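Opened the notebook again today.

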Amino acid sequence: MELLAFGKTGWGDELFIATLMTIAVSITAMIIGFFFALIFTPLKLSKNKFFNFIGNSYTTVIRGVPELLVIYLFFFGGTGAVMYVASIFGYNEYIEINAFITGAFAIGIISGAYSTEVFRGAIQSIDKGQFEAAKTLGLNKFGQFFKIILPQTLRLAIPNLSNVWQITLKDTSLISVTGLVEIMRQSYIAAGSTRDPLFFYSFAAVLYLLLTFLSMKIINRLELKYSRGY
Amino acid sequence: MDLELMINSLPKLLSAALITLKLLSVSLIIGLFIGLLFAILRLNKNIFVNKFAYVYSYVFRGTPLLVQIFIIYFGLGQIEYLRSTFLWVILKEPYWCAIIAFALNTGAYTSEILRSAFQTIKPGIIEAGRSLGISSKIIFYKIQIPIAIRQSLPAYGNEIILMMKGTSLASTVTIMDLTGVAKYIISTTFKPIEVFIVAGSIYLFMTFIIHNVIKFLEKKYSFN
């Protein structure tokens with residue numbers, strides 16, 4: 001137990017901060033994923049073959065390639081890409097990108113592919129009559145989407161989005177390979193310096209279980225809120 | 001674009017893909033048995049047996065695969081007692097540690113898939129079997145299991161693809177699978193995009209094959 005003490009003698013405070021870091025990366029990645037979903041869901045639903053192809057390629061490639069490989073691409077390629085863009089503008093110094101941003105972006109792209117699929121499914125399962133009814137009410141396109149379609153989409157999407165959240169949360173453990181100090185990395189450091197990997201990795205597992213358990217509780221509440229009246 | 005590097009790295013990556021496939025197939029076979037066992041335990045009426053199976057699947061589905069590999073590879077070696085038993089022969093090999101972690105992980109997901117498949121079997125089918133005078137053991141093996149397997153094919157296909165992606169974590173415990181070799185080439189040549197395209201294509205190709213095999217099986221064993 002003294003291994004988990006707060007302060008200089010134990011690893012409690014470090015692990016606590018690492019847990020906050022995991023939560024922060026997961027939420028950031030989830031939000032980045034939503035942005036990707038916002039772009040690619042319309043593309044996937046588009047009748048235009050070219051747009052459709054782009055949308056499908058995104059979800060197929062990202063969901064068919066291991067997460068770790070995507071992270072390595074961003075980890076090794078991210079700096080190069082940013083420096084290349086900077087060099088066009090005449091800036092030739094070395095730029096180091098923050099591990100948090102690289103990691104959140106890599107996980108965000110993965111999470112976005114799953115979110116896209118969820119939103120596509122949800123929008124497709126909304127009754128056609130709803131779209132027509134929205135039109136008949138004389139709402140403009142914006143109002144049709146935000147007042148009529150989106151609330152219904154959210155209700156249908158939340159159970160599946162909670163799966164995406166669980167996947168995203170667990171995927172953040174992979175960012176530890178880039179050196180970002182989240183739960184997994186902190187456990188690795190602690191295990192290395194105390195020579196007690198069994199304890200620290202088991203404790204990491206407990207922390208992840210706690211996070212998934214708590215987020216399930218919160219999501220269940222949201223689900224109830226959005227399914228009022230059904 | 002460095003085409004030469006892409007062509008030169010292809011044979012290395014392809015032979016590493018064989019290791020990925022080996023990891024995948026061995027852990028899927030073991031995982032299927034674990035999954036079937038725990039699905040049956042989940043349906044058991046004894047509350048302790050039931051809860052035990054539930055906790056198993058909850059823990060393995062609620063924690064990242066990376067933690068599971070690290071506990072087995074780095075953690076179990078710490079237990080002095082284990083080092084003196086024959087298990088140490090297996091546990092000191094990163095290859096077997098990875099397979100144990102993968103099998104336990106996919107076993108947990110498989111047990112959930114099979115359990116829900118068992119639960120969706122219409123009671124009428126079992127009753128029909130009973131009214132024909134078939135013993136409940138034979139009903140289970142000859143009626144329930146085949147129907148459950150057919151029911152769970154689509155979900156299990158997804159699980160195979162997820163597991164194929166999961167095997168990339170073997171590279172974190174020094175196994176040179178497809179991702180491991182890709183990372184090695186990237187870190188020596190600093191050409192991440194080229195290597196990603198080649199390695200990613202191999203993964204996509206494997207996904208494509210798995211997807212179509214499952215589709216074929218679904219059609220072959222469809223009810224009508």
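My entries follow in the order I looked things up.

**Confidence.** I'm working with a predicted model, so I checked pLDDT before anything else. Chain A averages 89, and 99% of its residues score at least 70.

**Second largest pocket.** I noted a volume of about 1,200 Å³ for the second largest pocket. Its lining has 34 residues, and A:F119, A:I123, A:F145, A:L150 and A:T153 lie nearest the centre. Which helix supplies the largest share of the lining? I got α6(A), with twelve residues. Helices α1, α4, α5, α6 and α8 of chain A each give at least two lining residues. Sorting the lining by class, I had 22 nonpolar, seven polar and five charged residues.

**Aromatic pairs.** I looked at A:F50 and A:F51: ring centres 6.2 Å apart and planes at 45°, so I logged the pair as tilted. A:F50 is exposed at 54% relative accessible area, while A:F51 is partly exposed at 38%.

Then I went to chain B. B:F38 and B:F52 have ring centres 5.8 Å apart and planes at 40°, so this pair is tilted too. B:F38 sits in helix α1 and B:F52 in helix α2 of chain B, so the pair ties together parts 14 residues apart in sequence. Buried or exposed? B:F38 is buried at 10% relative accessibility, and B:F52 is exposed at 52%.

Last entry: ring pairs join A:F36, A:F40, A:Y58, A:F74 and A:F105 into a cluster.

How values were computed: Residues are numbered from 1 along each chain as its sequence is written. Chains are lettered from A and ligands numbered from 1 in the order in which they are written. This is a predicted model: local features need pLDDT of at least 70, side-chain atom pairs count only at pLDDT 80 or more; totals for chains, interfaces and linings use all residues. Side-chain values use heavy atoms; hydrogens and water are left out. pLDDT is the predictor's confidence in each residue, from 0 to 100. On a 1 Å grid over the protein atoms alone, a cavity is a set of points where a 1.4 Å probe fits but cannot get out, and a pocket is an open set with protein on both sides within 12 Å along at least five of seven lines; lining residues have an atom within 4 Å of a point. Grid points are joined across faces, edges and corners, and a volume is the space filled by probe spheres set on the points. Helices (H or I, at least four residues) and strands (E, at least two) are DSSP runs, numbered from the N terminus. Ala, Val, Leu, Ile, Met, Phe, Trp, Tyr, Cys and Pro count as nonpolar, Asp, Glu, Lys and Arg as charged, and the others, Gly among them, as polar. Rings of Phe, Tyr and Trp (its six-membered ring) pair if their centres lie within 6.5 Å; planes under 30 degrees apart count as stacked, over 60 as edge-to-face and the rest as tilted. Buried means under 20% relative accessible area, exposed over 50%, partly exposed in between (1.4 Å probe, protein chains only).
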